[in-house]
Structures are given as structure tokens and as C-alpha cells.
Amino acid sequence: MRVNRAWLGLGVLVLPTLLVAMDATALLLALPQLSAELGATNVQQLWISDSYGFMVAGLVITMGTLGDRIGRRRLLMIGGAAFAVLSVVAAFAASPLMLIVARALLGVAGATLMPSTLALITNMFRDERQRGQAIAIWATCQFTGGALGPVLAGFLLQHFWWGSVFLVAVPAMALLLLAGPLLLPEFRSDRVGRLDLASVGLSLVSVLLMVYGIKQLTVQSVPVVPALTLVVGAIVALLFVRRQLRLETPLLDLRLFRNRPFTAVLVALVLAGVAMAGTGLLVTQYLQSVLGFSPVASAVLFAPMGLGVAVGTMAAPALARRMKQTTAIAGGLAGSALGSLLLVGVDGASALPLVMTGIAVLALGTGPLFALGTGLVVGSVPPERAGSAASMSETGNYFGGSLGFALLGVVAAVVYRSRMDGTSDSLAGAVAASRHLPAGPGAELLHAAREAFTAGLHVTGVVAAVIFAGLAVLILTMRPATRTVPAAIPDLKATGS
């Protein structure tokens, strides 16, 4: 009966996981429509799309540790209620500023959900095999939500107004609030300690500055301001680390990095995020600007990337029963390297099938890393620190995605400009310029720009393949975790509903 309750509880926990992932991607299609209706400027559009992710990235460490201290179910309920209310506010926003504020506050609420759900799963499933299956389901929902977000948004925008994209979260969060107290047990550490507000501020400022700096590197031609932002963010991060090493009850326990599997998997999660985000950025632009598909059609054609990760995560527990976890993860990453190399051959009439096959194979191979690797991260620490470990995993994912957009985006831009001999800075600019030229020169410019962008995609595929191959080697040389979770932890307080 206890096992049944745990699996029912998992069904409740995957709801916020699915919705947070969908919310992060669904706005991409709704942004043009809501910007037109609200009269948002280009700068306001950037803040509407970015404020949510910035706040999640900046506060996930704080929220993961806070859940360890005040209770993970309690924090999840608070965050779920706030997410539902703020979704309604965002749906009926009357101005760009109101929507920006609502999105930022949604990010604060979203930061409570992901580490709380993962930490609760770790506590609810003490059997290693069942915990692995539960984390695989959790990861599957996360990536399925990311893949389905734009598709669902496209459907809603065809039948309803842009605010419907936000209202989808309300019934699911209502179900979480109703069923959570009945199915989810409460877990918190007795060694609560005082929440160090200075550490909260330092972590928030450092993450926000670094994520902002990384993102601005991709959109600003003069990198001085983003570079300075990154430097200041790194300095604040060093101050944060120094403070954590001196505190008796730190916000983030940096001693976790002494565990080699923990550190190696975190590095792999970040760098895999870099490769996936970078290739995803180039492929979505390729589908729209080179192959000429609409945003909705491009979202559907790009769905195999998110669904491929989902299938890979679901298959991961079965693979782990037949081979070592590190072997399954490394083998999957080797497959991702092969999928990345398929993008090198993209060109001509066979481009679309090769692109879809490449991103599907690439994504499928990362599934064991996200499922088994996440399990290794949270399983390498005592249960009372699961929230802190989960927050590190989530922060790594956000940094990986931001770095991927910035670094591989810059690489592709350099290749594009070199192929265009300085006559065009971007494919979007070339498309716009071709409309103002006579038919012949316009067609020539467009053809050259598309060829240059395709060359950038080829280079990105090679870089991603190198990253995945290097991670496979790293995982194979990683010493597997041997710590066993004790049957009872004296300083862990667990209560029923």
C-alpha cells in the first residue's frame, strides 16, 4: 500500500515538472501576438521572455536548500499556489510591465517546484531501482513538456487569445494542491539552521549577472558590457563560495563536490546542455529561415529532440539493469555524438529527414545521462541534503542551456560571417535585405546566406560531437558511487500527510 501511495504521489509530482518545462518554451510562439496586443517594445519583449528563466536560475539554489530546512512538501504547496495565481495574473496582464513582473514572480514560484519535486522523489523511493524508475519518469515529463510547449501554444493560439498559454497551468496546480497533502509525505532536516540572507543575495546576484552576460553575448555586437557583467558575476560568485566555506550551516554545501561521481555528472549535465541548446538553436533557425517552415510547423518538426530525450530517459532504467550505469550513460553519449555528426551532412533535398534523424538520435542518447546521472547526483548525498543536490543539478541545466546559446551561437555566427565575407551579419538580416533588392540579386544574397548558415550548422554539429565524445570518456573514467543509503537517518524528519 505504501508503494502504491508513492507511485500515486509521483503522478502528482510530475504535474509541476511538466508545466514548468512547458511554460519555459510555450511563450516562444505566443510572444509575437501578445507583444502586438500589449504594444511591447523590443526591449520589453526580451524581458517578457527572459525574466522567468532569470529568476528560476537565480533562486533555484536558495529554494532547494530552503525546502531541506522548512519542508519540501510545504515549499512545493506554497510554490504551486503562487504559480497558479500568478498564471492568472499573467494571462490577463494589461500592459508589458505588468506581464514582465508577473513572469518574474512566476520564475520565483517555478524555482520552488523543480528541486522540491526531485528531492521528494528521492525521499519517497528509498529502493535504488524504484528511485531510478521514478527519476526517469520525472525527467521524461520534463523534456516532454519542453517539446510539447510550442506545439500546445500553437494549438491554443489558433483557437484562443494569448493568455490561454498561461491558464493551462491553473487546473494542474489546483490538482497538485488538492492531492499533494494526501499523497505526499513531508520531509525536512532537523538541522534547520538560520537562512543566511547574505548568501541568498550573493547567489541570486552572481547567477543573474552571469546568465545575463552569457545571453547578451549572443545579441550584442560589442561584447564589452556582457564581458564586464560576467566578470562582476564571477567575483560575486567567489564571494559566495568563500562565505559558504565559512558558515556552519551554508546555503549550499560545497563539500558535495568532494564526491567524484557527483562532480563528474554535474559537469556532464552542464556540457550536454551546452551541446543540446546550441544545436537546438541552430536547427530551429535552419527549419524556419533556410527550409522556410512556419514557426508552428518548425515547432512540430523540432519535437523529436524533446521526445527523443523522453524516450531515452524512459529506457534508461532498463539499460541500467543490464549494464553498469556509467556504461549506459557513456554509450548513450556516444550515440549523441553520432547524431551530432549527422548534422554535418545536412544539405540539399535530403536536409529535412537528416536533420530530424540527427536531432532524434542526439537527444535519445542523452536520456541515460539525464535519468541515471540525475539519480547519481541526488543518490550520492544523504537524503537530508537531496534538495541542495537537486538544486545544483537544475542550476547546471540552466547554465548549460545559456552557455550553449551563447558559445555555439557565437561559433555559428563567426562561420556565417566568414562565409559571407562581411557582407551580412546574420541570416535574418540577409532575408530582410533580400526583400528590398531586385529579384536576381535578392535571390543570390538569400542563396549565399543560406549556404553560409548551413556551414555554421555543420560546424556546430562537429563541436557538439566532440563535446559528447569527451563526456563519454569522462563518465567511463568516473569512479562509481558506492555509498549506500542507510535505512534511517537520525537527523531526517519524515512525517505523513
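**Figure 1. Val170 and its surroundings in the predicted model.** Apart from residues within four places in sequence, Val170 is in contact with Ala84, Ser87 and Val88. The model shown here and in the other figures is predicted. Val170 belongs to helix 7, which covers residues 169-183. Its relative accessibility is 24%, so Val170 counts as partly exposed; a buried residue would have to be under 20%. Gly80 is 90 residues from Val170 in sequence, yet the C-alpha atoms of Val170 and Gly80 are 9.3 Å apart in space.

**Figure 2. The whole protein chain.** The chain has 497 residues, and 54% of them are buried. It contains 16 helices and 2 strands. Among contacts in the chain with a separation of 6 or more, 84% are between residues 24 or more positions apart. The accessible surface is about 20,600 Å², and carbon and sulfur atoms hold 69% of that area.

**Figure 3. The largest nonpolar core.** This core has 125 residues. Which of its residues touch the most other members? They are Leu34, Phe83, Leu99 and Phe468. Helix 10, residues 260-290, supplies the largest share of this core, with 15 residues. A second, separate core has 8 residues, including Phe54, Met210, Val211 and Ile214.

**Figure 4. Leu99 and the residues in contact with it.** Which residues is Leu99 in contact with, when neighbours within four places in sequence are left aside? They are Leu34, Leu38, Ile48, Ala90, Ala93, Trp162 and Phe166. Leu99 and Leu34 are both among the residues that touch the most other members of the largest nonpolar core.

**Figure 5. The aromatic pair of Trp162 and Phe166.** The chain has 3 aromatic pairs. One of them is formed by Trp162 and Phe166, with ring centres 6.3 Å apart and 90° between the planes. The arrangement is edge-to-face, because an angle over 60 degrees is classed that way. Trp162 and Phe166 are both buried. Each of the two is also in contact with Leu99.

**Figure 6. Helix 12, residues 325-342.** The buried residues of helix 12 include Ile329, Gly332, Leu333, Gly335 and Gly339. Confidence in the chain is highest in helix 12, at a mean pLDDT of 91.

**Figure 7. Thr326 in helix 12.** Thr326 lies in helix 12. Is Thr326 buried or exposed? With a relative accessibility of 10%, Thr326 counts as buried. Not counting residues up to four places away in sequence, Thr326 touches Ile475, Leu476 and Met478.

**Figure 8. Val466 in helix 16.** Val466 is placed in helix 16, residues 439-476. Its relative accessible area is 58%, and Val466 is therefore exposed. Ser340 is one of the buried residues of helix 12.

**Figure 9. Gly273 in helix 10.** Gly273 lies in helix 10. At 12% relative accessibility, Gly273 counts as buried. Leaving out residues up to four places away in sequence, Gly273 touches Gly400 and Gly401. The C-alpha atoms of Gly273 and Phe399 are separated by 7.9 Å, although the two residues are 126 apart along the chain.

**Figure 10. Ala389 in helix 14.** Ala389 is found in helix 14, residues 386-419. The relative accessible area of Ala389 is 0%, so the residue is buried. Val378 is 11 residues from Ala389 along the chain, and their C-alpha atoms are 5.6 Å apart.

**Figure 11. Confidence and the end segment.** The average pLDDT of the chain is 80, and 89% of the residues score at least 70. Where is confidence lowest? The lowest mean, 41, belongs to strand 2, residues 492-495. Over residues 481-497 pLDDT stays under 50. For these residues the model has 40 contacts beyond four places in sequence. Where pLDDT is low, predicted coordinates should not be read in detail.

How values were computed. Residues numbered from 1 in each chain as written. Predicted model: local features only at pLDDT ≥ 70, side-chain atom pairs only at ≥ 80, totals over all residues. Heavy atoms only, no water. Core = buried A, V, L, I, M, F, W, Y, C linked by side-chain atoms within 4.5 Å. Buried < 20%, exposed > 50% of the residue type's maximum accessible area, 1.4 Å probe, protein only. Helix = DSSP H or I, 4+ residues; strand = E, 2+ residues; numbered from the N terminus. Contact = heavy atoms within 4.5 Å. Phe/Tyr/Trp six-rings, centres within 6.5 Å; stacked < 30°, edge-to-face > 60°. Areas by Shrake-Rupley, 256 points an atom, 1.4 Å probe, with all protein chains shown as cover. pLDDT = per-residue confidence, 0-100.
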